[in-house]
Amino acid sequence: MKYSSLALFFVASFCLTSCFQDTKSIQSKGFDKEVNVYTDRHYQVDDSIFSVFEREFGVRINIVKGDAQELLARIEKEGQASKADLLITTDIARLYQAKLYGFFQPIALGDALLGIPEYLFDDEGYWFGLTKRARVIVVSKKEEVDAQTMNYENLANPNWSGRVSMRSKENVYNQSLLASMIAANGEEEALDWIKGVVANMYQSPKGNDRDQVKSIYAGKADITLINTYYLGKMFTSDDPLEVEAAKSVNIIFPNQNNRGTHINISGVGVLQHAPNKLEAMELIKFLLSERIQGVYAEVNFEYPVHSNVKPCAIVESWGDFKEDRSSLNQLGALNTTAIKLFDKGGWK
Ligand code: FE
């Protein structure tokens, strides 16, 4: 059985066991309660998790999916009339913006935060990390590199000339990585880095994270960046091209001898005008529970935020690494600067 089939089996059995045991209480409770979730996470695992919550708590989850910017614009437009209870989004920059614009309200989760390291949630209670991802370097197996000393900064080294594959500056994952470099090295060095990377690109940025790895497999480039869960998905994909592409690269956790590898989060916050605040808080607690943290890890290859929960075997096989623990709010605050610098340095 391929890993992806195993994962699906896991979701199915997880739902079946959890769902059937509460059939009675669902029928008696009905769905007289609800919670409205705006989310830009586009992963099937979330739907399965929400179904389990509905059945176990008797609370209907109404989901609005969209691009993070669209959802933020919608929340702003709806104002006080908004029915949205929760915003779930995949990057600290968006969580920070939602806090900054006054879209979130602070909440206290008490014991639900036991086991979650403090840098993974807002110290004022406006947002909470649900999963973690590392943005790693991958290099063609044909290249001999010293993984121990490789830094993000090395991507600008002229010896990678014409061999770097990158996605667009519009991509928020790259914006948050750049924000972490501005935090560590200052704007001037960050701008020099952009110019160096741009000079090394084999083509103008395009495609998603997985496409960059495919360009290495195709022999067009030798080095790129990718979020860890996409690598897990590639290794276990039904598409043989994705599997071969993933096998063609070595995974490097950069900056191990200094600040550590850049970490980003998927996270959640309760919206200012949430009509179902209590149910929304229940849902957050459920998502942070060890059981559901394990599902995110096993099915979606994300790093759990709960320290008692391990990553899945394939992710764990890549080894432990030192994380860059810069304040996530600081990375969010530097997002505007990062976008400006990308423009200035000519990163398309
Ligand atoms: Fe993603």
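**Helix packing, an iron site and some buried residues**

Modeller: Let's start with helix α11 (residues 277–288) and α12, which pack at an angle of about 65° with their axes 5 Å apart. The contact is made by Phe286, Leu287 and Leu288 of α11 together with Glu290, Arg291, Ile292, Gln293 and Tyr296 of α12. Keep in mind that this is a predicted model, where local features need pLDDT of at least 70 and side-chain atom pairs count only at pLDDT 80 or more, while totals for chains, interfaces and linings use all residues. Residues are numbered from 1 along each chain as its sequence is written, and side-chain values use heavy atoms, with hydrogens and water left out.

Colleague: What makes something a helix here, and what is its axis?

Modeller: Helices are DSSP runs of H or I with at least four residues, strands are runs of E with at least two, and both are numbered from the N terminus. An axis is a line fitted to C-alpha atoms, for helices over the stretch in contact, and angles run from 0 to 180 degrees between N-to-C directions.

Colleague: What makes those α11 and α12 residues a contact? And how many of them are nonpolar, polar and charged?

Modeller: Contact means heavy atoms within 4.5 Å. The α11–α12 residues divide into five nonpolar, one polar and two charged. Nonpolar covers Ala, Val, Leu, Ile, Met, Phe, Trp, Tyr, Cys and Pro; charged covers Asp, Glu, Lys and Arg; the others, Gly among them, are polar.

Colleague: Why are α8 and α9 called oblique?

Modeller: Look at the angle: helix α8 (residues 209–217) and α9 pack at about 60°, with axes 10 Å apart. Under 35 degrees would be roughly parallel, over 145 roughly antiparallel, 65 to 115 roughly perpendicular, and the rest is oblique. About 60° falls in the rest, so α8 and α9 are oblique to each other. Asp209, Arg210, Val213 and Lys214 in α8 meet Tyr230, Lys233 and Met234 in α9. That contact splits into three nonpolar, no polar and four charged.

Colleague: And what makes the crossing of α8 and α9 left- or right-handed?

Modeller: If the near helix is turned anticlockwise from the far one by less than a right angle, the crossing is left-handed; if clockwise, right-handed. α8 passes α9 in a right-handed crossing.

Colleague: Why do α7 and α15 count as oblique?

Modeller: The axes of helix α7 (residues 187–200) and helix α15 (residues 335–345) come within 9 Å and cross at roughly 45°. That angle puts them in the oblique class, therefore they are oblique to each other. α7 passes α15 in a right-handed crossing too. The α7 side of the contact is Glu187, Ala190, Leu191, Ile194, Lys195 and Val198, and the α15 side is Thr337, Leu341, Phe342, Lys344 and Gly345. Six of these residues are nonpolar, two polar and three charged.

Colleague: On to the metal. Which residues are the donors of the iron ion?

Modeller: Tyr173, Tyr229 and Tyr230, each through OH, at 2.0 to 2.1 Å. Water is not among the atoms, so sites may look incomplete. Along the chain the donors follow the spacing Y-x55-Y-Y.

Colleague: Why can you say that Tyr173 and Tyr230 tie parts together?

Modeller: Tyr173 lies in helix α6 (residues 172–185) and Tyr230 in helix α9 (residues 228–235), so the pair links parts 57 residues apart in sequence. Both Tyr173 and Tyr230 are buried.

Colleague: What makes a residue buried, say Pro304?

Modeller: Buried means under 20% relative accessible area, exposed over 50%, and partly exposed in between (1.4 Å probe, protein chains only). Pro304 is at 7%, so it counts as buried. Pro304 sits in strand β9 (residues 303–304). Its contacts, leaving out residues up to four places away in sequence, are Lys132, Gln293, Ala297, Val309, Lys310 and Pro311.

Colleague: Is Glu282 buried, partly exposed or exposed, and why?

Modeller: Partly exposed, because its 33% falls in between. Glu282 lies in α11 and touches Phe53 and Phe57, again not counting residues up to four places away in sequence.

Colleague: What stands out about the phi of Asn255?

Modeller: Asn255 has a positive phi of about 60° although it is not a glycine. Asn255 is in the loop between β7 (249–252) and β8 (263–271), and at 0% it is buried.

How values were computed. Donors = N, O, S within 2.8 Å, 3.2 Å for Na, K, Ca; no water.
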